[in-house]
Every structure is written in C-alpha cells, then in structure tokens.
Amino acid sequence: MQSSKSIAAAAAPPVPRARLVPMRLAVHIHGWLLLLPAAVLLVAFTHYPAVATILDSFFSTPKGLRPAVFVGLENYQAMIYDPVFWRALQNNIIYAASVIPLTIALALAMAILINGKIAGRPLLRLSFFTPTVLPMIAVANIWLFFYSPGYGLLDQALGVFGIGPHNWLGDQHTALACLIAVAIWKDAGFFMIFYLAALQQMSPQLAEAAAIEGAGRWYFFRRVTFPLLMPTTLFVLINAIINSFRLIDHIVVMTRGGPDNTTALLLFYIYEVGFKYWDTAYAATLTVMLLALLAFLALGQFLFLDRRIHYQ
Amino acid sequence: MSRTTLKWLIAVAGIAALTSVAVTPAAMAKDISLSFYYPVAVGGPIPKIIDGYVAGFENDNPGIKINAVYAGTYQDTLVKALTAFKSGEPPDIAVLLSTDMFTLIDEDAIAPFDGLIKSDDDKAWLKSFYPAFMANSQTGGKTWGIPFQRSTVVMFWNKDAFKAAGLDPDKAPDTWDELVADGGKLTKRDAAGAASQWTVEIPSTGFPYWLFQGLTTANDVRLMNQTGTQTYFDKPAVIQALQFWVDLSRKEKIQPEGTIEWGTTPKDFVERKTAIMWTSTGNLTNVRNNAGFPFGVAMLPAHLGRGSPTGGGNFYLFKKMTDEKREAAFKFIKWMTTPERAADWGIATGYVAVRPDAWDTPAMKKYAADFPAATVARDQLKYAVAELSTHDNQRVTKALNDGIQAALTGTKTPEQAMKDAQAEAARILRPYQ
C-alpha cells in the first residue's frame with residue numbers, strides 16, 4: 001500500500017499524460033507486492049524443493065569428500081531393480097485401496113447415524129471424533145498393546161469366543177491389515193465431520209418431498225443424499241488419498257516396516273533410504289516417483305471426477 | 001502506560017544494552033562454547049543427570065561452556081547431527097550409537113581421538129575401558145569413539161515360574177540344551193492348546209540382528225570383520241544359530257511364532273506371558289519396578305561358546321573445530337568418563353559402567369552388593385563381542401534383519417534367508433573393499 005502510494009505520488013506532479021504509464025506500472029507493482037509474501041513462501045518451501053529433488057535424482061549421493069556427480073538415469077535404473085521399492089509400492093497400493101473406501105464409507109455411515117435423532121447423540125459424536133484429536137504417535141502406541149499377543153485387547157476379546165491368541169503384528173499375513181485398521185480408526189472421525197456439516201446444510205424439504213412421493217430411505221439416499229454429498233466426497237477422497245501416502249507415524253511405532261518389509265510403505269521407505277542409509281540421491285529418486293504418482297492421482301480426480309459432480 | 005514509566009523503561013533498557021556491550025567482548029574472549037548433542041527426549045530423569053554433569057564440569061573448568069542439546073532417540077540424534085553437519089554447522093560433541101562409527105567416518109564428519117592423546121595420563125585413560133567396548137570404537141588403528149552409555153544383552157527369568165514348573169528357581173538355563181529342556185516344563189497351555197505362558201521370548205523387531213548376535217556368538221561365529229568391509233551371514237554356523245532360533249518357535253514350540261515385538265517384550269515378562277526374556281541391560285530398572293515376582297538376571301546361555309554383543313552409545317568428536325575447542329571437548333569427554341562418574345552414571349541409569357576401575361569405587365561396590373543382578377552384565381563383558389557394524393551400516397543390518405524376520409515368519413528357510421542377506425550385504429559393501 002505504502003509503496004504504491006508513494007510511487008503514484010512521486011509520479012503525480014509534472015504532466016497529467018505522463019502519469020498514465022507509471023500508474024499502470026504502479027498497479028502491477030502493487031499487485032506483485034501483495035503476492036510477494038505468499039509467493040516467496042510457496043517458492044521456498046514447495047516449488048524449489050520439488051525442483052531440487054528432481055535435479056538431485058540425476059546425481060550420485062555426495063559422501064564425505066566425494067562430491068555428487070551426474071549419473072543420468074542410473075538411480076532410476078537402481079530403483080527398477082530394487083525389490084524393496086516394489087514391495088513398498090505394492091504395500092502402499094493395497095493400503096490405499098483398503099483405507100480410502102473403508103474410511104469414507106465408515107465416515108459417511110457415522111455421519112448419517114449421528115445426524116438422525118437418536119438417544120445419546122452428543123456422546124456418540126464425541127466418541128466418533130475422539131480418535132482424530134489424538135496424535136498418531138499416541139494412537140500407534142495404544143494399538144501396539146491392543147495387538148500384543150495373549151493379553152492384548154484384541155486377543156482378550158477373541159478369547160471370549162474361544163479363538164486362540166495370535167501374533168498380529170508379527171505375522172506377515174496380518175501385519176498390514178492391522179495397520180490399515182489403525183488408519184481407518186484414526187481418520188474416519190475426521191472425515192465424518194465434513195459429511196456431518198454437508199448433511200446439516202441439506203434442506204429438510206428434500207426429505208419431506210421424497211416422503212410425500214413415497215421414496216424409500218435407501219432410494220432417497222442413493223438418488224438424493226449421496227449425489228448432493230459428492231462435492232464433500234471429492235474433498236474427502238483427495239484428503240484420504242494424500243493421507244494414505246503421507247501418514248507413516250504408526251509404522252515407525254508399530255512395525256518399522258517389518259516383518260521382512262511386509263508393512264513398508266513408500267514414504268517410510270523414503271525415510272529409511274534418506275535418513276538411515278543417507279543415500280539422499282536415491283531417496284530423491286523415490287520421492288520423484290511418489291510425486292509423479294500423487295500428481296497422476298490428483299489429475300485423474302480433477303479431470304474425471306470433477307465432471308460428474310453436481311455442485312449446488 | 002504513563003510517560004514516566006516509559007522513560008524509566010527506556011533508561012533501564014539503555015543501561016542494560018550498555019552493560020551487555022561492555023561485558024560480552026570480555027566474556028567472549030575467554031569462554032569456549034561447545035555444543036553437545038545427547039540422545040534423549042527432553043524431560044524425565046536422564047536430562048537432569050546430564051545437566052548436573054554439565055554444571056559440574058563448567059564449575060571445574062571455568063571458561064568452557066557446554067550447551068547440551070537433547071535430541072530425541074539415537075536415530076533422531078544422528079539425523080540432527082548429520083543434517084547439521086551437512087549444512088556446515090556440526091555439533092562439537094555428540095553421543096551416538098557405537099555402530100554409527102563407519103557411517104560417520106564415510107561422511108567425513110568425525111575426527112579420531114589419536115591426535116589428542118599425548119600425555120601418559122591420556123594413554124592410560126584410553127586403555128582404561130573394557131576391550132569389548134573398544135571393539136566398536138576403533139578401526140584402522142585409530143580411535144573414533146569413547147564408550148559412554150553401553151549395554152549388552154542379558155537374560156531375565158521369572159523365579160516364581162521356575163518354582164511352579166518344578167525347576168530350581170535360582171538357576172537359569174546355562175546352555176541351549178538346558179533352555180530347550182526347561183522349556184518342556186515352563187510352557188503352559190490351556191485346554192485348547194493355546195499357550196498361556198511361553199518359556200522364552202527373544203525379540204525380533206527393530207534390531208533383531210543384535211539379539212541374533214547373542215545366538216551366533218554362542219555358536220562361536222562372527223558376523224563381520226573388524227574393518228567393516230565384509231560380512232559372514234551365510235556361514236554354516238550362522239545358519240545353525242538362526243535355525244535354533246526358528247526351532248524354538250516352530251519345532252520346540254516354547255516361543256511364540258512370528259516376530260516378537262521388542263517394545264512389548266518387557267511387558268510380556270512382567271505380565272507372566274513368558275518365563276524368560278532376552279533384552280538389554282537397560283531394562284533392568286523398568287523390570288525391577290514393575291515385576292510382581294522375584295526375578296533373576298543371567299548371562300545368555302552358552303552353546304559352543306558364550307557371548308553377547310555390546311550395544312549403546314559412544315562419544316564422538318566432530319571435525320570442523322578449532323584446536324582450542326577440540327582440546328576443551330576432549331577435556332569434557334575425559335571428565336565424563338572418570339571412574340567415579342562412570343560408576344555414578346551406571347548406578348543412575350542401569351548402563352554398564354564402561355571401565356573396570358569404576359567397579360572398585362565405594363559407591364559402585366555398595367550398589368553391586370545391594371543389587372547383584374547389576375554385575376551380570378559386567379561379568380558377561382569377558383565374552384562380549386562387537387555389535388554388528390560395517391560401512392553403510394544401516395543398509396547392511398537391514399539386509400540381515402529382513403533375512404531373520406523372513407526365517408522367523410516362515411517365508412524363507414534359515415539357509416535361504418541368510419544366503420539372500422549375505423548376497424545383499426556383499427553387493428552393498430563392494431565399493432568399500
């Protein structure tokens with residue numbers, strides 16, 4: 001503000017005609033100055049790191065006295081031959097494909113449940129939302145003991161039905177599923193809030209009209225409620241996808257990727273390569289892969305889903 | 001705010017500014033300030049002990065200031081120290097895992113202690129540590145780390161469970177055969193055949209290689225060479241050791257199947273889910289406070305030989321430092337490892353006091369008399385070997401960890417698992433040979 005005024009003021013006195021150009025310039029400068037704080041932050045913390053990561057992936061890892069040298073696509077070649085990478089990618093796809101639909105379905109179900117008039121509604125709302133408030137590290141530590149064989153909550157509950165103790169996190173067949181359950185439990189309450197807000201925005205006249213027309217509850221949900229919730233679903237979906245690639249705290253606490261990489265997700269593997277093996281160039285390569293994957297998913301969502309969504 | 005108060009404030013601020021300008025240059029001229037990264041989360045009893053030591057050192061050595069930075073877990077501390085190093089501002093002193101030695105050397109981040117050891121006193125000091133601890137601190141004829149908080153694997157046993165099974169409660173299994181024989185009596189099953197109490201748990205998450213070394217050493221085989229350029233994961237004796245571990249679960253059925261979580265093993269022990277556990281000496285205080293039954297601590301059982309790996313953290317000196325600072329840092333490390341302090345630190349934390357003469361101090365003698373379990377770790381040091389540590393250490397140990405977990409969960413035979421791990425380790429270590 002100050003700068004545009006002073007520039008305009010400085011340019012003001014002499015000839016009225018000469019003022020036009022500086023005025024337009026002043027507007028531009030004004031605009032850019034307003035953008036500057038946001039732009040600086042965006043470039044420094046988003047664009048520059050992304051570009052630097054892509055560049056780093058074409059160089060070797062600098063070690064001690066050996067500087068980085070250009071190696072072309074060698075890091076990408078190593079990635080193709082890296083079984084742990086493929087394992088992590090496969091795990092991540094299974095993880096995302098289970099967590100995303102189940103979380104959204106559960107969030108929607110919970111939202112509809114507590115949107116209706118039922119007894120103890122505030123208590124239910126609170127209990128559904130509680131997992132969201134807890135930090136993931138705390139959640140993971142709690143669940144670690146839920147899953148412990150023998151005296152853990154899960155085994156005690158199953159013991160009532162005569163099902164013997166099981167080493168949930170120590171068995172390659174169940175470890176990933178256990179982590180998926182934690183992620184769903186953690187995120188469903190958060191997404192429920194968005195659905196609940198959307199449901200409460202919805203006009204009650206729609207339900208009344210449908211009731212007069214004699215539409216069943218399921219029909220009403222399928223043809224009216226769900227389509228009207230689509231913008232919320234898209235928002236939730238994008239967040240769920242991001243979370244399924246971004247949240248790895250519970251893996252660090254509960255399994256550290258084990259047993260034998262059964263629960264290694266992409267970001268966890270990137271952390272291991274980058275900050276345990278200190279192979280920063282290869283970590284950059286893996287990050288580029290993850291970026292490309294997420295960009296592809298986001299693009300798909302906006303191009304494909306956006307068209308099918310009815311915005312009010 | 002009234003005008004007079006404002007005036008006063010300005011005057012006070014002005015005086016403060018003047019005095020600080022006057023004082024700082026003088027102080028800066030003689031004060032040496034050292035940053036010291038220490039692996040523990042802020043809060044709790046340990047930072048208090050370290051703060052006490054730092055204050056004691058500053059008191060004894062005016063002109064040297066130590067800024068202790070509590071940096072989280074070992075892994076967090078290493079990440080912080082190395083990132084700081086890469087951005088040109090390394091810490092001066094850090095306590096990091098002894099096994100990170102090769103990684104730190106390869107990054108050209110640390111300096112050896114040899115140049116600093118000139119007087120006879122210094123030479124005697126360097127020789128005063130247990131050789132088992134120095135094995136992870138020296139390579140290529142140079143000393144890169146000084147033992148500080150070191151531990152080893154020991155066996156805890158529940159005396160009540162032994163009594164209930166008709167075994168001598170004061171005698172832990174001393175060999176692999178005795179462990180398996182006792183196992184027949186200690187494992188308790190319910191009507192459906194599910195175990196309500198296991199005989200033994202050897203944890204296998206996080207760092208299974210460390211506990212595995214308790215088995216391989218007893219089977220009289222080493223996992224790597226002293227220069228950290230070669231591993232021997234596929235030697236028959238290593239495969240046999242892994243076979244024994246797998247058999248405890250699958251053949252003898254005295255240990256739970258699958259991997260066993262490191263973090264919940266002490267809980268399993270105090271909840272009487274297992275009669276015996278292998279864990280770090282660092283869990284001594286925890287178990288002592290929580291077990292509702294008498295328990296004993298013993299050396300790991302022997303087979304062809306006896307032994308356990310050492311573990312824990314060393315002092316390291318980072319490179320980019322003036323000679324003056326380096327001397328001051330060296331002084332601090334020597335001060336922290338005197339016999340009295342090593343004894344005090346061991347008593348306060350449960351770590352093994354790092355030098356034999358610490359055990360002759362009056363405080364330590366009294367502690368050992370009250371709590372004989374504490375001396376087991378010390379006595380086991382005679383048989384201790386270096387913890388697995390090589391160049392590109394985390395990657396090599398990961399190859400071994402994956403192999404061990406694959407064998408324990410039954411996806412690979414021990415032989416296949418160790419051959420794969422060795423092939424992977426050999427591939428990683430090729431550039432260093």
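1. A helix is here a DSSP run of H or I with at least four residues, and helices are numbered from the N terminus. In this predicted model, helix H14 of chain B covers residues 339-349, and just after H14(B) comes B:Gly350, which takes a positive phi of about 95°. Within H14(B), the buried residues are B:Arg341, B:Ala342, B:Ala343, B:Asp344, B:Trp345 and B:Gly346. What covers the buried residues of this helix includes helix H2 (45-60), helix H13 (323-336) and helix H15 (362-370) of chain B.

2. Chain B as a whole is divided into two domains, and each of them is made of two stretches of sequence: domain 1 takes 7-151 + 311-383, while domain 2 takes 152-310 + 388-432. Taken over C-alpha atoms, the centres of domain 1 and domain 2 of chain B are separated by 31 Å. Where the two meet, 25 residues of domain 1 of chain B are in contact with 25 residues of domain 2 of chain B. On the side of domain 1 of chain B that touches domain 2 of chain B, at least two residues each are supplied by helix H4 (101-106), helix H6 (131-134), strand S7 (146-158), strand S12 (310-318) and helix H16 (373-380) of chain B. The largest share of that side, five residues, comes from H16(B). By class, the side of domain 1 of chain B that touches domain 2 of chain B has 12 nonpolar, 10 polar and three charged residues.

3. The largest nonpolar core deserves a separate look. In soluble globular proteins, nonpolar side chains tend to be buried together. This core has 117 residues, and those that touch the most other members are B:Ile93, B:Val154, B:Met155, B:Phe156, B:Leu242, B:Trp245 and B:Tyr316. Helix H10 (residues 236-250) of chain B gives the most to this core, with eight residues. Because domain 1 (7-151 + 311-383) and domain 2 (152-310 + 388-432) of chain B both give residues to it, the core lies between them. Apart from it lies another core, of 53 residues, and this one includes A:Trp168, A:Ile180, A:Ala198 and A:Leu229.

4. Which residues does B:Met155 contact, leaving aside its neighbours within four places in sequence? They are B:Ala172, B:Ile276, B:Trp278, B:Ala298, B:Met299 and B:Leu300. B:Met155 is also one of the residues that touch the most other members of the 117-residue core.

5. A set of paired strands can be followed in chain B. Strand S1 (residues 32-38) of chain B pairs with strand S2 (residues 64-70) of chain B in the parallel sense, over seven bridges, and in this pairing B:Phe36 stands opposite B:Ala68 in S2(B). S1(B) is also joined by two bridges to strand S3 (residues 93-97) of chain B, and these two strands run parallel. Here B:Tyr37 stands opposite B:Ala94 in S3(B).

6. Chain A is built from helices, of which it has 14, together with zero strands. A compact globule of 312 residues would have a radius of gyration near 20 Å, but chain A has 27 Å. The C-alpha atoms of chain A fill a box of roughly 95 × 75 × 30 Å along the principal axes. Of its 312 residues, 29% count as buried. Among contacts in chain A between residues at least 6 apart in sequence, 69% join residues at least 24 apart.

7. Chain A, too, is divided into two domains, with domain 1 at 2-56 and domain 2 at 75-308, and their C-alpha centres lie 42 Å apart. The contact between them takes four residues from domain 1 of chain A and six residues from domain 2 of chain A. On the side of domain 1 of chain A that touches domain 2 of chain A, there are two nonpolar, one polar and one charged residues.

8. Is A:Leu126 buried, partly exposed or exposed? A residue is buried with 20 or more other C-beta atoms within 10 Å of its own and exposed with 12 or fewer, and A:Leu126 counts as partly exposed because it has 13 C-beta neighbours inside 10 Å. A:Gly189 lies 63 residues from A:Leu126 along the chain, and the C-alpha atoms of the two are separated by 9.4 Å.

9. Finally, the two chains meet each other, with 27 residues of chain A in contact with 28 residues of chain B. The side of chain A that touches chain B divides into 11 nonpolar, 11 polar and five charged residues.

Notes
Residues numbered from 1 in each chain as written. Chains lettered and ligands numbered in written order. Predicted model: local features only at pLDDT ≥ 70, side-chain atom pairs only at ≥ 80, totals over all residues. Domains from an automatic or database assignment. Contact = placed C-beta atoms within 7 Å. Nonpolar A, V, L, I, M, F, W, Y, C, P; charged D, E, K, R; others polar. Core = buried A, V, L, I, M, F, W, Y, C linked by C-beta atoms within 7 Å. Pairing = 2+ DSSP bridges. Rg over C-alpha atoms; globule rule 2.2 N^0.38 Å.
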